[in-house]
Amino acid sequence: MDAPAERRRFPRLNTLGAPYRASFEAGGGAVEVRLANLSAGGCGLELPMALARGLDVGSLLQGLRLDHPDLPLVPLEGSVVRLLGKIPGKTAGYALAGVEFTAVTPFVQMLIHGHVLQHLELE
């Protein structure tokens, strides 16, 4: 079996600790969260447990926006493909949601990919 990194279609940039944020529609409004990682195919979101409790693998995130001055500020759609740290009874802390972009134009995907490659070169 291939290692997970070898199965990725696009390189991934770790964005924790950097000025990266994201938001999406939940509970009738937009919620802001930390962007943990980013690739042209999706992202990782650090979610407070109160928010993670309402999500499961397969949940669709509407109005997903990547908040960084060098990234396109357009609404995307994503599907939760992984949910790490969501444990029954856990009420505090965070969970990590792996999100695959399901509605992204080739142009926006190319812009995200270019941003990731540029910042990976700087590391």
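Accessible area here comes from the Shrake-Rupley method with a 1.4 Å probe. On that basis, the chain in this predicted model exposes about 7000 Å², and carbon and sulfur atoms supply 55% of that area.

Let's start with the overall layout. There are three helices and seven strands, and reading along the sequence gives the pattern α-β-β-β-β-α-β-β-β-α. The radius of gyration is 14 Å, close to the 14 Å from the globule rule for 123 residues, so the chain is as compact as a globular protein of that length. Along its principal axes, the C-alpha trace spans about 40 × 40 × 25 Å.

Now for the inside. Buried residues account for 38% of the 123 residues. The largest nonpolar core has 28 residues, and Leu38, Leu45 and Leu47 have the most contacts inside it.

The largest share, four residues, comes from β7. As for Leu45, leaving out residues up to four places away in sequence, its partners include Ala22, Phe24, Leu61 and Val99.

What about His68? You'll find His68 in the loop between β5 (60–67) and β6 (76–84). Its relative accessibility is 10%, and buried means under 20%, so His68 counts as buried. Beyond its neighbours within four places in sequence, His68 is in contact with Pro19, Tyr20 and His115.

Met110 sits in helix α3, residues 106–122.

Key: Residues are numbered from 1 along each chain as its sequence is written. This is a predicted model: local features need pLDDT of at least 70, side-chain atom pairs count only at pLDDT 80 or more; totals for chains, interfaces and linings use all residues. Side-chain values use heavy atoms; hydrogens and water are left out. Helices (H or I, at least four residues) and strands (E, at least two) are DSSP runs, numbered from the N terminus. Buried means under 20% relative accessible area, exposed over 50%, partly exposed in between (1.4 Å probe, protein chains only). Contact means heavy atoms within 4.5 Å. A nonpolar core is a set of buried Ala, Val, Leu, Ile, Met, Phe, Trp, Tyr and Cys residues joined through side-chain atoms within 4.5 Å. The radius of gyration is taken over C-alpha atoms; the globule rule is 2.2 Å times the number of residues to the power 0.38.
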